[in-house]
Amino acid sequence: MDASGPQDAPAPQSEHRFPCDNCGADFRFDPSAHTLVCDHCGNTGDMDTQTPVHAIKELDFRAALDAELPHSEIEETRVSKCPNCAAQVEFEPDVHAAECPFCATPVVTDTGAHRHIKPRGLLPFAMDESAARSSMTDWLGGLWFAPSGLQEYARKGRKMQGIYVPYWTFDADTKSAYAGERGTVYYENQTVMRDGKRQTVRVAKVRWARVRGRVARFFDDVLVLASTSLPKRFTDALEPWDLSAMEPYDPAYLAGFRAEGYSIELQEGFKEARMRMEAQITRDVKFDIGGDKQRVHDIQTQINAVTFKHILLPVWLAAYKYRGKTYRFVVNGRTGRVQGERPYSAIKITIAVVVGLLVAGAIGFAMAMNQ
């Protein structure tokens, strides 16, 4: 599928750099002050974000599949693909070599351009790097059997990376016709033999009745990760995201941060969205069937008015190589929720096992002496 729109006009190059009007150094977006700041001279710049939130409009899904989106919805950015995790990370034009923020693999940047659907909205970072690091170290400190060396390395290691991770959201109007059965539980008395004696017990049974019906649901902002660079179990566990606080896309929010290009195309993302919709529709059908139990035999769904947005969500990311292994930790840039690989210390586990055996032996010896 080519969702990049018409090809007869070049898309603009997006650099996301904002020079300080005082000294010429680059501004960065400061989550704590919600403004642009210059680390070189301390100057601040205003965020030009006067566009109201209701301006975050949906795009037509069918038009995207048919490559008929307006040129204004397409952009071109310079990205490099990590040879290890396949992340497509955007780099500034003067950066030629760096580490992949997702897995700490060295990446040599290239001159390739990624032509893609422009983000419609984003959630700005609400916490800075120090707050994210504090959340991560607290999380590590609460893990039993985590290597102390890794905890210390993470606490004093290099700065975490602020990354905007790509997502799709989908809206759809659905109407479904279903066929199934409604089960009503009733009880019968039965006589059974227990320990050589006759006993009367109540046995639950189900009376089934065929049913048909219709349900309807409008889906709003079904969220689908548009990246494969992080394990999905990590990103799913960072939810919920406060999408009601989303801002219209403004490159100023990206100043000082990196943005990952989407690697899951629109049509593939919609397949996952459909699975989530179908799961919810099945729950709606069971509720509509009612009774004590339900059987669903068939659901036929009509889906209309499908629209979508490409959005960016903020993640603080740390990828640490410790004793030859990479450990990744991700922090929700809005709430501070942490997820990551769980490391184990063989020494701590051994000590815990030995201590446990000693305690068990002492308890057993004490019990034996008291007999």
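Reader: So a strand is a DSSP run of type E, at least two residues long, numbered from the N terminus. How many strands and helices are in the chain?

Author: There are 17 strands and six helices. Keep in mind that this is a predicted model.

Reader: Noted. Where is Asp221 found?

Author: Asp221 is found in strand E12. Its phi is near 55°, a positive value in a residue that is not glycine.

Reader: Which strand does E12 join up with, and how many bridges are there?

Author: Strand E11, residues 161–194, is joined to strand E12, residues 197–225, by 27 bridges. The two run antiparallel.

Reader: Give me one pair. What is the bridge partner of Val192 in E12?

Author: Gln199 is the partner of Val192.

Reader: And how many residues sit between E11 and E12?

Author: Two, and the strands form a hairpin. Asp195 is in the turn, with a positive phi of about 55°.

Reader: Switching to E1, E2 and E3. What do these strands form?

Author: An open sheet of three strands, in the order E1-E2-E3. The pairing is antiparallel.

Reader: Which are the edge strands?

Author: E1 (27–30) and E3 (44–45). Each of them pairs on one side only.

Reader: How many bridges are there between E1 and E2?

Author: Four, in the antiparallel sense, with E2 covering residues 35–38. Phe27 stands opposite Cys38 in E2.

Reader: What is in the loop between E1 and E2?

Author: His34 is found there. The phi of His34 is near 55°, which is positive in a residue other than glycine.

Reader: Why is His34 called partly exposed?

Author: Because its relative accessible area is 36%, and partly exposed covers the range between under 20% for buried and over 50% for exposed.

Reader: New topic. Cis or trans: what is the peptide bond from Glu239 to Pro240?

Author: Cis, with omega near 5°. Pro240 is found in the loop between helix H4 (232–237) and strand E13 (247–248).

Reader: Now the whole chain. What percentage of the residues is buried?

Author: Buried residues make up 44% of the 371.

Reader: And the accessible surface, what does that come to?

Author: About 19,700 Å² for the chain. Carbon and sulfur atoms hold 51% of that.

Reader: Last one. What share of the contacts with a separation of 6 or more comes from residues 24 or more positions apart?

Author: Those residues account for 74% of such contacts in the chain.

How values were computed: Residues are numbered from 1 along each chain as its sequence is written. This is a predicted model: local features need pLDDT of at least 70, side-chain atom pairs count only at pLDDT 80 or more; totals for chains, interfaces and linings use all residues. Side-chain values use heavy atoms; hydrogens and water are left out. Two strands pair if DSSP finds at least two bridges between them. Buried means under 20% relative accessible area, exposed over 50%, partly exposed in between (1.4 Å probe, protein chains only). Contact means heavy atoms within 4.5 Å. Accessible areas come from the Shrake-Rupley method with a 1.4 Å probe; for residues, only the protein chains shown count as cover.
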